[in-house]
Amino acid sequence: MTATRPAEAPDPTAPDPETAPETDPEAAPEAPRRRTFGLAAATALVMGNIIGGGIFALPAAVAPYGTLSLLAFVVLSVAAVLLALLFGKLARRSPVTGGLYVYPRDAFGPFAGFLSAWSYWTMCWVSIAALAVAVVGYVDVLIPLHGNHLLEGLVALAALWLPAAANFAGTRWVGTVQIISTVLKFVPLLLVATVGLFFVDTDNFGPFNATGDSVPGALAASAALLLYSFLGVESAAVSAGEVKDPQRTVGRASVLGTLASALVYILGTVAVFGLVPHDQLVHSGAPFADAVNAITGGSWGGIAIALVAVASITGCLNGWILLAAQMPYAAARDGLFPAPFAKVGKGGVPGFGVWAVAVLGTLLIAFNYTAGPDTTFRVLVLITTFTGCVPYLLSAAAQLYWLAQGSRERVRPAGLVRDLIVAALSFGFSFWLIAGAGYAAVYQGTLFLFAGIPVYVWLRGRSHEPEPVTT
């Protein structure tokens with residue numbers, strides 16, 4: 001397989017998609033794929049993947065930093081919207097499945113595309129296992145598991161394989177499940193975030209900076225905990241091959257889904273901060289449940305929030321499993337991932353990719369419940385922010401490349417300036433996210449990323465016949 005670059009970059013603001021790079025002439029042509037995601041389903045996919053289980057624990061996690069963590073939420077929300085705009089622009093050029101793999105590949109060649117796909121795929125299957133484990137704590141509120149590791153493991157496996165089964169049923173079912181689960185979690189969370197504002201007591205907020213460090217240092221530290229909360233903004237771009245009218249829908253769904261998620265995050269955190277006294281919030285295991293109890297004066301908040309959390313995380317797993325299968329699917333079509341990942345089932349979902357992430361997630365879950373705390377599993381979870389941001393960085397760089405290569409006669413000055421600002425800020429944000437992940441996460445994530453290089457070498461070597469030696 002040989003990837004070629006266009007001789008001249010088209011107008012970056014033009015809606016016409018770019019011609020795909022050349023692929024192996026012996027490769028089987030890709031079967032036409034039915035686009036089943038409209039604007040509602042695509043927006044729900046973005047929201048469902050951004051709002052997972054983290055929102056239910058984030059207020060307590062950032063409470064030790066003080067109310068400046070609300071400012072960190074605002075900064076991250078603005079940056080996430082910029083990324084959504086970036087992916088919308090890139091999807092107009094390449095409205096195909098695999099988004100964050102396709103953009104670096106088209107701009108910089110197959111190796112950059114492989115690194116992006118490998119990094120994103122790694123982030124997906126590790127995150128899927130972590131989300132499945134997160135379900136256990138909320139199920140324990142509904143049905144006490146009494147610390148039985150076997151029961152906890154079975155619950156986590158059920159949380160993983162039920163969404164996987166929905167994916168095997170096809171993209172139409174994935175979209176339906178995503179819409180239902182998004183409504184189930186979004187409406188209750190929004191009610192808490194809005195109704196709760198009427199019960200806020202300003203004395204509960206606590207100090208602005210509770211760390212004793214400088215404001216910039218505390219802001220960066222709190223933002224580091226919040227980085228993972230916005231992963232998923234790229235969901236519509238990765239699934240562009242299943243989206244109707246992707247040149248328009250991907251950008252709209254990305255922005256709408258990100259804005260709606262940011263609204264829930266910010267208002268929800270403000271409400272919890274104002275409902276639960278700061279000294280109690282720092283030690284809370286279920287901050288939203290405590291907030292509901294403060295509103296109602298009862299004790300049923302924990303059960304209600306647990307139900308919402310289970311629906312939230314299940315829907316999140318449903319969307320992430322689809323993304324985890326689609327990224328390697330696109331790379332496998334170009335010979336940059338093992339061939340089985342390119343096989344598509346009757347429902348339009350890459351079945352082998354779903355099996356792969358489900359099995360890998362199962363192994364991580366089993367390891368988590370047999371090896372105990374502070375294991376390699378926990379270390380892998382910490383590097384998901386790094387592995388998720390590498391494709392962001394490469395995609396922003398790809399947009400900057402296309403803009404730099406564009407002919408001035410074919411680019412409207414206003415559009416060029418706007419796109420340059422979005423791409424440059426997105427690149428800077430991605431770089432900041434990687435730096436904020438911490439030295440250990442960056443070091444370990446880099447090793448994990450480079451571990452894919454032998455796979456690339458093997459696949460590329462097998463895709464080319466050796467040239468005859470002449471004397």
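A nonpolar core is a set of buried Ala, Val, Leu, Ile, Met, Phe, Trp, Tyr and Cys residues joined through side-chain atoms within 4.5 Å, where buried means under 20% relative accessible area (exposed is over 50%, partly exposed in between; 1.4 Å probe, protein chains only). The model shown here is predicted: local features need pLDDT of at least 70, side-chain atom pairs count only at pLDDT 80 or more, and totals for chains, interfaces and linings use all residues. Residues are numbered from 1 along each chain as its sequence is written, and side-chain values use heavy atoms, leaving out hydrogens and water.

**View 1. The largest nonpolar core and Trp320.** This core holds 128 residues, and Phe87, Tyr103, Trp320 and Phe337 have the most contacts inside it. Helix α5 (residues 110-142) supplies the largest share, 19 residues; helices here are DSSP runs (H or I, at least four residues), numbered from the N terminus. Beyond its neighbours within four places in sequence, Trp320 is in contact (heavy atoms within 4.5 Å) with residues including Tyr120, Met123, Leu231 and Glu234.

**View 2. Helices α4 and α5 side by side.** The axes of α4 (residues 99-108) and α5 come within 6 Å and cross at roughly 160°. Axes are lines fitted to C-alpha atoms over the stretch in contact, with angles from 0 to 180 degrees between N-to-C directions. The two helices are therefore roughly antiparallel (over 145 degrees; under 35 is roughly parallel, 65 to 115 roughly perpendicular, the rest oblique). On the α4 side the contact includes Leu100, Tyr101 and Phe108, and on the α5 side Phe114 and Tyr120 are among the residues. The contact divides into nine nonpolar, two polar and one charged (Ala, Val, Leu, Ile, Met, Phe, Trp, Tyr, Cys and Pro count as nonpolar, Asp, Glu, Lys and Arg as charged, the others, Gly among them, as polar).

**View 3. Helices α10 and α12.** Here the axes of α10 (residues 246-275) and α12 (residues 287-296) come within 9 Å and cross at roughly 60°, so the pair is oblique. Gly268, Val272 and Leu275 of α10 meet Pro287, Phe288, Ala291, Ala294 and Ile295 of α12. Seven of these residues are nonpolar, one is polar and none is charged.

**View 4. Ser261 within α10.** Ser261 sits in helix α10 and is buried, at 0% relative accessible area. Away from its sequence neighbours within four places, Ser261 is in contact with Met47, Ile50 and Ile51.

**View 5. Phe205 in a loop.** Phe205 lies between α7 (171-195) and α8 (215-226), and is buried at 16% relative accessible area. Ala63 is 142 residues away in sequence, yet its C-alpha is 9.1 Å from that of Phe205.
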